[in-house]
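Biologist: I am new to this one. Could you show me the structure and talk me through it?

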Amino acid sequence: MNRTTLSLIAGATALAAVTGFAAVSTPDTGPAEQRTGAATLPVERTGLLCPQPSASDLAETTYTSFTPVTEGSDDKGTAVLRAAARQSAPDEDDNGEDEKAAEDGESGESGDKEEKDEKGAEKDSGAGKPVLQLREPGRPVAAEADGADAPALVGIAEGRFASGWTAQQTTEVTAGTGRGLQGVACSTADTQFWFPGASTDDSRTDYLHLTNPDDAAAVVDIELYGKDGELETTVGEGITVKPRSAEPVLLSTLTAEKQTDVTVHVVVRSGRVGAAVQALDDELGGDWLSASADPSGSLVLPGIPKDATAVRLVAFTPGDADVDLKVQLASPSGLITPAGNETLHVKGSMTAAFDLGDLTRGEAGSLVLTAPDRSVPVVAAVRVLRGKEGKQESAFIPAARPVETRATVLDNTAEGTTLSVTAPEGDAEIRVTASAGTKGGTPRTKTYSIKRGTTQDVDAPVPTGLKGSYALTVELRTGGPVHASRTLAATEGGVPFFTVQPLPDDRGMVAVPDVGEDLSVLQR
């Protein structure tokens, strides 16, 4: 074995110790390596968590799963999404059986049995049941579930399915609180989340959904911040999420204060969870609010629909320092400053909200927020309305991480899909691939140039002979950074149903130091 091979294995081993996701595979020689000078390897194992889609009996949910083809990946593996338990945990003795079932996911048999837990209550017989499993990279699969029984999902992908694995759930609710199209990308587990844009107002029913993928219970603290600072909460500390289970928390039950705009801070004391806010309005429909990108002095909120009739920005800065945010709109022609909203003042540890009106005025747009010298960290999200009064629908766009190498969004349709891409800091070239459909079709690829400071609603490819829905994968080829989002739209009863999902980088590749580099940095 030569020195190069030993160095690659050492680097991957160190990464695995930190992340659990590194793989020793043939190095990829794509753009990431060209930009950093380091070899890159596909991740070997990753996990995703999907919240419970809806409590409505009228809900119709589609789950979709996909892995892009990645050079250098293993030729074996599995990717299985299973139903999580509802506010109940498997017995400790069942853990080994459940892990084996996940490993054997392609058989489609969970091996679970209806049993009694230690308190004598009947366990959820659906927990652990495979809901969705991939058969091959490059082709998405979908499953449907109706009503309030559609479960939260916990999944693991290994081997050839791990790099770039993406899952999505899209729910249509035809009537009642939160009616409309609700979409969310399934996320990885973490220990901290920020959700600016939530509410405890009487007109809103906002649930924080927590999903625990692990064999041990997670302990979570929930902090709420309103216009005057932190809200007094009654049961926001020490919330236990049982192993492999999902727990929805109604935010209005945590505090007696009714506020239109609230920032939710989730801190995991023990373990890790997936988290997302389901924001449901009595009159304006509803959608999922995904976590904002980590607090930063520069944020991008990509892909505000060009026909938005109202845009409300909610921002929050942790700590005591106030900040005057510079506000710019990345339009098709470049960066512009919205009249009357050149700067917005945000007080430390207080949630601030600003009505920006019909900001985009018929053109594609993305918000770019910058603190002076980028010195004060901020989190942010916008609530977007489409339609006329009496027939309006709402969706949320949080500040998003850039597409550093590759990102994918699922459940696209030939009609009603809009892909928005912005390059706020420099010219960029991207490649967009439309996968085969869930029920048939041939992939197609196009390349686009995005000019600095602009947002483009690109004419995204559609698979030839499409049957079913398909995945769109965005790859950064040169320049950047770029940020992207996808709007999925349909009209029901004259109401413009829609949902928007940002495309954060899939983190499907890990960089391995060159021969002779100091590996101690990997142990931070």
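Here are a few questions and answers about the fold and its aromatic rings.

Biologist: How many helices and how many strands does the protein have?

Modeller: Happy to start there, and please keep in mind that this is a predicted model. Counting the secondary structure elements of the protein gives three helices, and the strands number 39.

Biologist: What share of the residues counts as buried?

Modeller: A residue is called buried when its relative accessible area is under 20%. The protein has 524 residues, and the share of them that counts as buried is 55%.

Biologist: Among contacts between residues at least 6 apart in sequence, what share joins residues at least 24 apart?

Modeller: Start from the contacts in the protein whose residues are at least 6 apart in sequence. Within that set, the share joining residues at least 24 apart is 80%.

Biologist: Are the rings of Phe-193 and Phe-195 stacked or edge-to-face?

Modeller: A search of the whole structure finds three aromatic pairs. In the pair of Phe-193 and Phe-195, the ring centres are 6.3 Å apart and the planes meet at 20°. Planes under 30 degrees apart count as stacked. The angle of 20° is therefore the reason to call this pair stacked.

Biologist: Which residue lies over the face of Phe-498?

Modeller: Look at the ring centre of Phe-498 and go 5.0 Å from there. The residue lying over that face is Arg-386.

Conventions: Residues are numbered from 1 along each chain as its sequence is written. This is a predicted model: local features need pLDDT of at least 70, side-chain atom pairs count only at pLDDT 80 or more; totals for chains, interfaces and linings use all residues. Side-chain values use heavy atoms; hydrogens and water are left out. Rings of Phe, Tyr and Trp (its six-membered ring) pair if their centres lie within 6.5 Å; planes under 30 degrees apart count as stacked, over 60 as edge-to-face and the rest as tilted. A charge sits over a ring if NZ of Lys or CZ of Arg is within 6 Å of the ring centre and within 35 degrees of the ring normal. Helices (H or I, at least four residues) and strands (E, at least two) are DSSP runs, numbered from the N terminus. Buried means under 20% relative accessible area, exposed over 50%, partly exposed in between (1.4 Å probe, protein chains only). Contact means heavy atoms within 4.5 Å.
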